[in-house]
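Colleague: I am new to reading protein models and would like to learn how to read a few features step by step. Could we go through them together?
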Amino acid sequence: VLGTRLAVDLGHVRLLISLFLLTASSVATAAPAVTVSDAPTSRPWSLLVEGGLLVPVPSNSQTLRGTVGLAGSRLLLGERLELELGLRLGLSHISTDIAASARAGFRFSLGPLQLTPGARLGYVAMHVSKAALGTLWTGALLINPGFDLSLGLTRYLELRARLLSVSAYYNDQWVLSWEPSVGAGWRF
Amino acid sequence: MHRLSLLWIAVAVCSCVEPLDLRLPIALVPDPALSAAQVQVVEEAAESWNVEVGTRLSVSRSSTATQQVPILLSDMTCAFANGVTSLVDALEVKICSLEANDLKRFHQVTLHELGHVVNIRGHADDPLAVMSAQSGEEKRFVTEDHQLFREANPTFKEQDGCDIARRIGTSLSRPVLVQAAGGRTIAIWAEATRLRFTQLAFETAKPSGAAGSIPTPTASASWIRPLASADGFTVSWVEGSRIFRAAVTLPAGKVVGPKELALPQVVRKIDFEREVTDLSTAAVGQDLYLALTTKDARGALHLLRFEALSGTSRSFAPPQIDEAWGQLVTLGGALHLVLRQQLGLRVDRLAPDGVVLESLPLSVQAPIRDDDTVQAQVIEGALVVASRLAKDPIRLYRVVRESSGLRLDKKVIVQLPGHVGHTLLSMAGTPCGLGLGVNQATETQMDVFVTVLDPTNLKVNRAWKRLSPPDRTQSFQPWLAARHCRFLAVWRDLHAWDKELEVRSRCF
């Protein structure tokens, strides 16, 4: 990939933000039944396993990544706050990365779906290897606003998806990437 | 709902820099960590854009320009892309520091990112384009790059119209220019079943005015050779082992012909594609003359004469000179032959039937070698002959015709800088100066350099200047034309599958 340009990236982010706000607004208008999640408080913890892509915007490169995380939730000011600690491993043809992050969000019910808008903060260490050019280690702060969708399959198992998820990486410069993922959570 | 909005609006706030004003200079400030060679790569990429679209990019570590763009190396960029042009808060280019380890790749990445610096926001679909986001291919400027630039900068006009490049078509053989009647400059090139021609505006290199096509009856044309005529131009060309001629009147663009020239049997046996090294034409009266140099076992110069309108062959002696090559020119209405033989270089004034009326030796030179080159042009009433043997300097001879006969007026040696190659490709002259096009051949590319000489004393009065963009892996066979202090060149990309035809207008 020869290059990315952040103005374009930010344009995409703004579009995504607009879509999200529109979605949230539509939900508020058309589905007044949005309530604080009624997920069983008897199982406040979740063990998460996710897989997905990291696609710098605009770019053709892709990084496969897998995440394991531990999430806990509790009621806060009448709404369900979910906190998550995650460890992510990414792999592409030129780089491997490992990221540690923490995420906070409020979980809402939307019919059978659970919607958890929030933000993730973390640090990612990246190892890049380019044939005939060399290798290097680098790192960046990770900021990932977005919302998770989850669908309970059983009392213990839920499907999770993060589609409109854009991460911002910062290390003296910003790089944005689209990071869709799907996974599963085991509640206990 | 209100809470959600607050959460996201905080993320949405961002300031992005305004597009740069391309009418003003833009200083590229290289990372202090860049080596001299890497800075030179940035300079070449900047010059490529300048030549290509007329921008004013320059590289400076201490510029006072109001528009400055840092060109920085970045480790983090490597994890996401080869290069990033950031428009957040301040415009800056960050290139993966690993890419700088390979100058060729560094050039490609820098060239692409500079496209974003000159306000191109998106990417090209053509994977070969400079502005393609895909990696792994040799990038070069293609039409889509120019379209993206124009869309990004709709009101931008090239800097003084001084460095302009346009692609006006594709050519299956070397395109040519002719300065035809009425001061019109015409580009001629070959498509599959026809020759196409168009008038070019010298200042803008834009096709404008007369245009048309000439059918090529049997195959695509090669060895296109134009001549100015009283009411337009004539053009001769090769199809297989046959030669045709047509005349075009201007400005109507009316075509008369094509007419096949009746070649003698010995010439019809020549494999033009493999054996011919030079073909020149001259017109005197109603006759058309051809000088055909071949590189068969010993090399030979074939001299041919035809009745121009009918194409019938006429007597001319000698029809063949062995171990020689040369070019025909018309000086003062008379036919002249610049002849290179084992014994040296000379100019012969010929009668219509080929009899040598007088001969002027120019030099006694070493035996002919394959890489010798010679160009002859009539410029400002004098015949200028440029000759180069192997990697020697270029020797220039200015020959004038006086009542007493031919006289060698000037003889100079033009030293070439080390980076300039040894093949003399084309020559054009104006009252401003004489332009010489030579190439620089490397393993991967041939560049074209031009200098400007005083037409009377033949002294170099302009530094050698690169005419071709420095970033392309391709070969050029330029055909130059000149007016005032501006040179117009056409060439095709020999490596591109579509043989893209480019016209470049550059002033000196």
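**Reading contacts, strands and rings**

Modeller: Let us begin with one side chain, that of Ser171(B), which reaches the backbone nitrogen of Ala190(B) at 3.2 Å. A polar contact is a pair of N or O atoms within 3.5 Å, where within protein one must be able to donate a hydrogen and the other to accept it, and residues adjacent in sequence count only if both atoms are side-chain atoms. Please keep in mind that this is a predicted model, in which local features need pLDDT of at least 70 and side-chain atom pairs count only at pLDDT 80 or more, while totals for chains, interfaces and linings use all residues. Side-chain values use heavy atoms, with hydrogens and water left out, residues are numbered from 1 along each chain as its sequence is written, and chains are lettered from A and ligands numbered from 1 in the order in which they are written.

Colleague: Which backbone oxygen lies 2.5 Å from a polar atom of the side chain of Ser171(B)?

Modeller: That oxygen belongs to Ser173(B). Ser171(B) itself is found in the loop between β6 (163-170) and β7 (176-180) of chain B, where strands are DSSP runs of E with at least two residues, numbered from the N terminus.

Colleague: Is Ser171(B) buried or exposed?

Modeller: Buried means under 20% relative accessible area, exposed over 50%, and partly exposed in between, with a 1.4 Å probe and protein chains only. Ser171(B), with a relative accessible area of 1%, is buried.

Colleague: How should I read an aromatic pair?

Modeller: A pair of aromatic rings is described by the distance of the centres and the angle of the planes. Rings of Phe, Tyr and Trp (its six-membered ring) pair if their centres lie within 6.5 Å, and planes under 30 degrees apart count as stacked, over 60 as edge-to-face and the rest as tilted. By this rule there are seven aromatic pairs over all chains. In one of them, Tyr170(A) and Trp174(A) have ring centres 4.8 Å apart and planes at 45°, so the pair is tilted. Tyr170(A) is partly exposed at 32% relative accessibility, and Trp174(A) is partly exposed with a relative accessible area of 32%.

Colleague: Why is the pair of Tyr289(B) and Phe316(B) called edge-to-face?

Modeller: Their ring centres are 5.5 Å apart and the planes stand at 65°, so the pair counts as edge-to-face. Because Tyr289(B) lies in strand β16 (residues 287-294) and Phe316(B) in the loop between β18 (313-314) and β19 (320-322) of chain B, the pair ties together parts 27 residues apart in sequence. Tyr289(B) is buried at 1% relative accessible area, and Phe316(B) is buried at 9%.

How values were computed:
Helix = DSSP H or I, 4+ residues; strand = E, 2+ residues; numbered from the N terminus.
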